[in-house]
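Subject: Structure for you to look at

Dear colleague,

Here is the structure I said I would pass on. My notes on it follow below.

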Amino acid sequence: MNKKAQLFSFILLLITIMMCSLSITIYLKQQGNVQSSLVSPLTVLEIRDNKTIFEMRETELIKKTLDEVEANFGTAEFMKEFRTKFISGINDEMKNFIFSNLFWEGKALEEGTFNEDTFLENIAYKESLSEISSNEMKFRRGKIGKTFELKALKIEKVNFPVDFYFEFDKEYSITKKSGTFLVNDE
C-alpha cells in the first residue's frame, strides 16, 4: 500500500510539472503575438524627456543672454536686444527639437521647406508674445506642436497605429533684484 501512495504522488508531481510547463509555453507564445500588435510608448517618453532637456537649455540660454544685454532692464530696448541675442543663441540641438515632427496651424512642416530663423523670430518667439515693465519681463515661447504616427514593430500582423500630437508653449517671468536676474518658469 505504501508503494501505491508513492507512485500516485510521483504521478501527481509529473502532472503538475507538465501543466506548469504547458502554461508557461502558452504564455510565452501569446506574449510573442501581442507585442507585434501593440505600440510602444517609448517614443512618447523620449519626446517628453527631450522637451524637459530643451526647456532646461532654454532656461540656461535665457540666463546667459540676460547677462549679455547692455540696455537697462525694464526698457523696450532691453527687450529687443534680449530677444535678438536669445534667438541667435539657439543651438542646433534646440533647433532640432523644435523642428523635428513640427506641426503648426493644422499642418506638418517638413524641415528645409521653410526658413527656420524666420519661424523662430515670427512664430516661436514672436515679439508680441513678450512684455516688459519696469520691474518684470514676461518672455514667452508661442504654441507649437509635434505630430507623428506610432506603429508597432511588426506591422505584418494585426497593428493598431496611434496618431500622436501635442502642443507646447512656455512663459518665463524675469525679475531683477540686487543686480541679479531671477528666472521663473510658469
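How are α2 and α3 oriented to each other? They are oblique to each other, a term for angles that are not under 35 degrees (roughly parallel), not over 145 (roughly antiparallel) and not 65 to 115 (roughly perpendicular).

Before the details, please note that this is a predicted model, in which local features need pLDDT of at least 70 and side-chain atom pairs count only at pLDDT 80 or more, while totals for chains, interfaces and linings use all residues. Residues are numbered from 1 along each chain as its sequence is written, and side-chain values use heavy atoms, with hydrogens and water left out. Helices (H or I, at least four residues) and strands (E, at least two) are DSSP runs, numbered from the N terminus.

Helix pairs

Two packed helices are described by the angle between their axes and the distance between the axes. For α2 and α3 the angle is about 130 degrees and the axes are 9 Å apart; axes are lines fitted to C-alpha atoms, for helices over the stretch in contact, and angles run from 0 to 180 degrees between N-to-C directions. The crossing of α2 past α3 is right-handed, meaning that the near helix is turned clockwise from the far one, whereas anticlockwise by less than a right angle is left-handed. On the α2 side, Glu 58, Leu 61, Ile 62, Thr 65, Leu 66 and Glu 68 meet Phe 78, Glu 81, Phe 82, Lys 85 and Phe 86 of α3 (contact means heavy atoms within 4.5 Å).

α2 also packs with α4, at an angle of about 135 degrees and with the axes 10 Å apart. That makes α2 oblique to α4, and α2 passes α4 in a left-handed crossing. Residues of α2 in this contact include Phe 54, Arg 57 and Leu 61, and those of α4 include Met 94, Phe 97 and Ile 98.

Helix α3

In α5, Phe 119, Leu 120, Ile 123 and Ala 124 are buried. These fall within an arc of 110 degrees seen down the axis, so they line one face of α5. They pack against α3, α4, β1, β2 and β4.

Ile 144 sits in strand β4 and is buried, at a relative accessible area of 1%. Among the residues that Ile 144 touches are Phe 119 and Ile 123.

Two loop residues

Most residues other than glycine have a negative phi. Asn 101, in the loop between α4 and β1, has a positive phi, near 55 degrees, and is partly exposed at 38%. Ser 178, in the loop between β5 and β6, also has a phi near 55 degrees, and counts as exposed at 80% relative accessibility.

Regards

Definitions and conventions: Buried means under 20% relative accessible area, exposed over 50%, partly exposed in between (1.4 Å probe, protein chains only). The arc is that of the directions from the helix axis to the C-beta atoms. Lists of a residue's contacts leave out its neighbours within four places in sequence.
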